Amino acid sequence: MTVSDLDSIKDILYTDFDDFWSYNIFKSELENENSKYIVAKLNNEIIGFGGIWQVIDEAHITNIVTKKNFRNLGIGSLLLENLINICKNSNKINSITLEVNEDNVIAQKLYEKFDFKVIGKRKNYYNGKAAIIMTLYFNY
Ligand SMILES: CC(C)(COP(=O)(O)OP(=O)(O)OC[C@H]1O[C@@H](n2cnc3c(N)ncnc32)[C@H](O)[C@@H]1OP(=O)(O)O)[C@@H](O)C(=O)NCCC(=O)NCCS
């Protein structure tokens, strides 16, 4: 994902994707050398994106979002599969961790599909709601 990709969805970030970071925070993420963001495109239209932070031998999934009218069509799986492959191919990363809202059952199903396991919980992480911590360990 490039800044020009982000610019092309700037005006529909909140309406067509989901409520998360502001444009400026997202832009600084793209410029952070420890981050990597990918997009899913259909005929040049961005229909999803996702990203990781890498810290030494660990990756952290910061976001995976599919455009609202393209959900449940396999795009989230495609994005997650690609992020996992990027991590595996780095030959440096041993595990991928993420936090997901305890109420976000669909996202939890997505992660479970790729063998992420629940390893803990952070209370009151999202305005009173707990975060489920899920991790995928690689066996080299
Ligand atoms: C979570 C999200 C990225 C999933 O994207 P998606 O493109 O719909 O994902 P997929 O179509 O690949 O579905 C992946 C799995 O999620 C589950 N799922 C998806 N939509 C579902 C629905 N409407 N009802 C029940 N389960 C559903 C299924 O288990 C599915 O696996 P399957 O393909 O074997 O059925 C998407 O719902 C989204 O953008 N949500 C808002 C942002 C968000 O919550 N991101 C996660 C932050 S931690």
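The charged side chains of this predicted model number 16 positive and 18 negative, and the centres of the two sets lie 4 Å apart. The accessible surface of the protein comes to about 8,400 Å², with 47% of that area belonging to carbon and sulfur atoms. Inside, buried residues account for 44% of the 140 residues.

**Overall fold and dimensions**

- The secondary structure comprises 5 helices and 6 strands, which follow one another from the N terminus in the order α-α-α-β-β-β-α-β-α-β-β.
- A compact globule of 140 residues would have a radius of gyration near 14 Å, and the 15 Å found for the protein therefore agrees with that expectation.
- The C-alpha trace spans about 35 × 35 × 30 Å along its principal axes.
- Of the contacts between residues at least 6 apart in sequence, 54% join residues that are at least 24 apart.

**Helix H4 and its surroundings**

- Helix H4 takes in residues 75-90, 16 residues in total, and its first and last C-alpha atoms are 23 Å apart, close to the 22 Å expected at 1.5 Å a residue.
- The buried residues of H4 are Ile75, Gly76, Ser77, Leu79, Leu80, Leu83, Ile84 and Cys87.
- An α-helix has 3.6 residues a turn, so residues three or four places apart point the same way.
- The cover over the buried residues of H4 includes strands S1 (35-42), S2 (45-55), S3 (58-66), S4 (95-101) and S6 (129-137), together with helix H5 (105-113).
- Just after H4, asparagine 91 adopts a positive phi of about 60°.

Terms used. Residues are numbered from 1 along each chain as its sequence is written. This is a predicted model: local features need pLDDT of at least 70, side-chain atom pairs count only at pLDDT 80 or more; totals for chains, interfaces and linings use all residues. Side-chain values use heavy atoms; hydrogens and water are left out. Helices (H or I, at least four residues) and strands (E, at least two) are DSSP runs, numbered from the N terminus. The expected span of a helix is 1.5 Å times one less than its number of residues. Buried means under 20% relative accessible area, exposed over 50%, partly exposed in between (1.4 Å probe, protein chains only). Contact means heavy atoms within 4.5 Å. The radius of gyration is taken over C-alpha atoms; the globule rule is 2.2 Å times the number of residues to the power 0.38. Accessible areas come from the Shrake-Rupley method with a 1.4 Å probe; for residues, only the protein chains shown count as cover. Lys and Arg count as positive and Asp and Glu as negative; His and the chain ends are not counted. The place of a charge is taken as NZ of Lys, CZ of Arg, CG of Asp or CD of Glu.
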